[in-house]
Amino acid sequence: QVQLVDFGGGLVQPGGSLRLSCAASRSILSMYAMGWYRQAPGNQRELVAAITSGGRANYSDSVKARFTISRDNAKNTVYLQMNSLKPEDTAVYYCNAKSWGASGYDYWGQGTQVTVSS
């Protein structure tokens with residue numbers, strides 16, 4: 001019951017930074033969690049970072065100390081600040097919202113391309 005629009009990707013040099021944004025159509029606090037996944041060709045979609053409605057954040061080991069997830073509840077927006085980017089970070093990044101309940105239904109943004117290359 002939520003629409004997500006993610007944006008902010010682009011081409012960046014190794015060691016550079018990007019900030020992704022995800023705008024939701026309703027309060028992000030109504031979701032169990034908001035997060036970011038990524039998928040490269042031939043790879044499975046993997047969780048990058050997530051934050052619960054209570055503010056607890058977690059990260060994939062591969063991005064710890066480099067990426068930071070944050071949110072602006074008043075704007076229904078979640079962000080992913082990506083620093084010290086590496087070529088292996090290249091992927092399509094998808095915003096995700098996970099609902100409460102036994103089904104744990106997932107909602108997805110359309111995806112935004114991040115390319116790290118010199």
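Start with the open sheet: 4 strands, in the order β1-β3-β8-β7, with antiparallel pairing. Strands here are DSSP runs (E, at least two residues), numbered from the N terminus. Two strands count as paired if DSSP finds at least two bridges between them. Colour β1 (4-7) and β7 (67-72): these are the edge strands, and each pairs on one side only. Neighbouring strands in this sheet are turned by 15° against each other on average, direction ignored. For that angle, axes are lines fitted to C-alpha atoms, and angles run from 0 to 180 degrees between N-to-C directions.

Two notes before moving on. The model is predicted: local features need pLDDT of at least 70, side-chain atom pairs count only at pLDDT 80 or more, and totals for chains, interfaces and linings use all residues. Residues are numbered from 1 along each chain as its sequence is written, and side-chain values use heavy atoms, with hydrogens and water left out.

**Stop 1: strand β3**

Select residues 18-24, strand β3. On one side, β3 pairs with β8 (residues 77-82) in the antiparallel sense, over 6 bridges. Show L20 and look across to L80 in β8, which stands opposite. Then show L18, whose opposite residue in β8 is M82.

Now turn to β1. β1 and β3 are also antiparallel, paired over 4 bridges. Pick V5: the bridge partner in β3 is A23.

Is β3 enclosed or open to the outside? 5 of its 7 residues are buried, so the strand is largely enclosed by the rest of the structure. Buried means under 20% relative accessible area, exposed means over 50%, and partly exposed lies in between (1.4 Å probe, protein chains only).

**Stop 2: the disulfide**

A disulfide joins C22 to C95, with the sulfurs 2.0 Å apart. The structure holds 1 disulfide, where the term means a pair of cysteine sulfur atoms within 2.5 Å. What does the pair tie together? C22 lies in β3 and C95 in β9 (residues 91-98), so the link joins parts that are 73 residues apart in sequence. Check the torsion about the S-S bond: it is about -80°, so the disulfide is left-handed. Both cysteines, C22 and C95, are buried.

**Stop 3: the cavity**

Next, select I28, M31, Y32, A33, M34, I51, T52, S53 and R71, which line the largest cavity. Its volume is about 30 Å³. The count comes to 1 cavity of 30 Å³ or more. On a 1 Å grid over the protein atoms alone, a cavity is a set of points where a 1.4 Å probe fits but cannot get out, and lining residues have an atom within 4 Å of a point. Grid points are joined across faces, edges and corners, and the volume is the space filled by probe spheres set on the points. Which strands contribute? β4 (33-39) and β5 (46-52) each supply at least two residues of the lining.

**Stop 4: two positive phi angles**

Most residues other than glycine have a negative phi. Go to N76, in the loop between β7 and β8. Phi of N76 is near 55°, a positive value in a residue other than glycine. At 18% relative accessibility, N76 counts as buried.

Then pick S84, in the loop between β8 and β9. Phi of S84 is near 50°, again positive in a residue other than glycine. S84 is partly exposed, with a relative accessible area of 41%.

**Stop 5: P14**

Select P14, in the loop between β2 (10-12) and β3. P14 is partly exposed, at 40% relative accessible area. What does P14 touch? Leaving out residues up to four places away in sequence, the partners are L85, P87, V116, S117 and S118. Contact here means heavy atoms within 4.5 Å.

**Stop 6: Q110**

Finish at Q110, in the loop between β10 (106-108) and β11 (112-116). With residues up to four places away in sequence not counted, Q110 touches L4, V5, D6 and Y94. Draw the line from Q110 to Y94: their C-alpha atoms are separated by 6.6 Å, and the two are 16 residues apart along the chain. V5 brings you back to the sheet, as the bridge partner of A23 in β3.

Note on methods
On a 1 Å grid over the protein atoms alone, a cavity is a set of points where a 1.4 Å probe fits but cannot get out, and a pocket is an open set with protein on both sides within 12 Å along at least five of seven lines; lining residues have an atom within 4 Å of a point.
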